[in-house]
Amino acid sequence: SPSYHARTAIGYIGGSYQSTDFIIATCEECTMYDIRMFLKQHGCGYFGIYLDGGDSTSATNDGTVVISSTRRIPTIIALS
C-alpha cells in the first residue's frame with residue numbers, strides 16, 4: 001500500500017544544461033509516486049531530487065521565507 005507523508009522535491013525544468021530553471025514541490029500528504037508525477041507533468045525532463053520530507057524542508061526567495069519548517073535543523077533551499 002502507498003505511504004502518504006509530507007514530501008518535498010526539487011526538479012530541473014530547463015531546456016538545456018545552461019538553464020537555471022527549477023521547480024520546488026511540497027505536499028502535506030502524498031506518495032513518492034505522486035510527487036514524481038507532479039514534477040514530470042510540470043516539465044521535469046532531466047532530473048528531480050527528493051528532499052527529506054515536507055516537515056524538515058524550508059525555502060527562501062530573496063530572503064523571504066516561502067516554506068517554513070518546524071524542525072531545529074531544517075533543509076533549506078535559498079533562491080534569489
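The following legends describe close-up views of a predicted model of one protein.

**Figure 1. Overview of the secondary structure of the protein.** One helix and six strands make up the secondary structure of this predicted model. In sequence order, these elements follow the pattern β-β-α-β-β-β-β. The protein has 80 residues, of which 30% count as buried. Its accessible surface comes to about 5,600 Å², and carbon and sulfur atoms account for 51% of that area. Among the contacts with a separation of 6 or more, 43% are made by residues 24 or more positions apart.

**Figure 2. The open sheet of three strands.** In this view, the strands are arranged in the order β2-β1-β3, with antiparallel pairing. Strands β2 (22–30) and β3 (48–51) stand at the edges; each has a single partner strand, so one side of each is left without a neighbour in the sheet. From one strand to the next, the twist averages 20°.

**Figure 3. The pairing of β1 with β2, and the helix that packs on the sheet.** Strands β1 and β2 run antiparallel and are joined by seven bridges. Within this pairing, R7 stands opposite C27 in β2. Helix α1, formed by residues 32–41, packs on the sheet and touches β1, β2 and β3. The direction of helix α1 makes about 150° with that of β2.

Figure 4. Residue T8 belongs to strand β1, which spans residues 5–12. Is T8 buried or exposed? The relative accessible area of T8 is 1%. Residues under 20% relative accessible area are classed as buried, and T8 is therefore buried. The side chain of T8 also takes part in a polar contact of 3.2 Å with the side chain of T26.

**Figure 5. The hairpin of β4 and β5.** Strand β4 comprises residues 57–61 and strand β5 comprises residues 64–67. The two strands run antiparallel, and three bridges join them. How many residues lie between the strands of this hairpin? There are two residues between the strands. In this hairpin, D62 takes a positive phi near 55°. The bridge partner of N61 is T64, which lies in β5.

How values were computed:
Residues are numbered from 1 along each chain as its sequence is written. This is a predicted model: local features need pLDDT of at least 70, side-chain atom pairs count only at pLDDT 80 or more; totals for chains, interfaces and linings use all residues. Side-chain values use heavy atoms; hydrogens and water are left out. Two strands pair if DSSP finds at least two bridges between them. Helices (H or I, at least four residues) and strands (E, at least two) are DSSP runs, numbered from the N terminus. Buried means under 20% relative accessible area, exposed over 50%, partly exposed in between (1.4 Å probe, protein chains only). A polar contact is a pair of N or O atoms within 3.5 Å; within protein, one must be able to donate a hydrogen and the other to accept it, and residues adjacent in sequence count only if both atoms are side-chain atoms. Axes are lines fitted to C-alpha atoms, for helices over the stretch in contact, and angles run from 0 to 180 degrees between N-to-C directions. Contact means heavy atoms within 4.5 Å. Accessible areas come from the Shrake-Rupley method with a 1.4 Å probe; for residues, only the protein chains shown count as cover.
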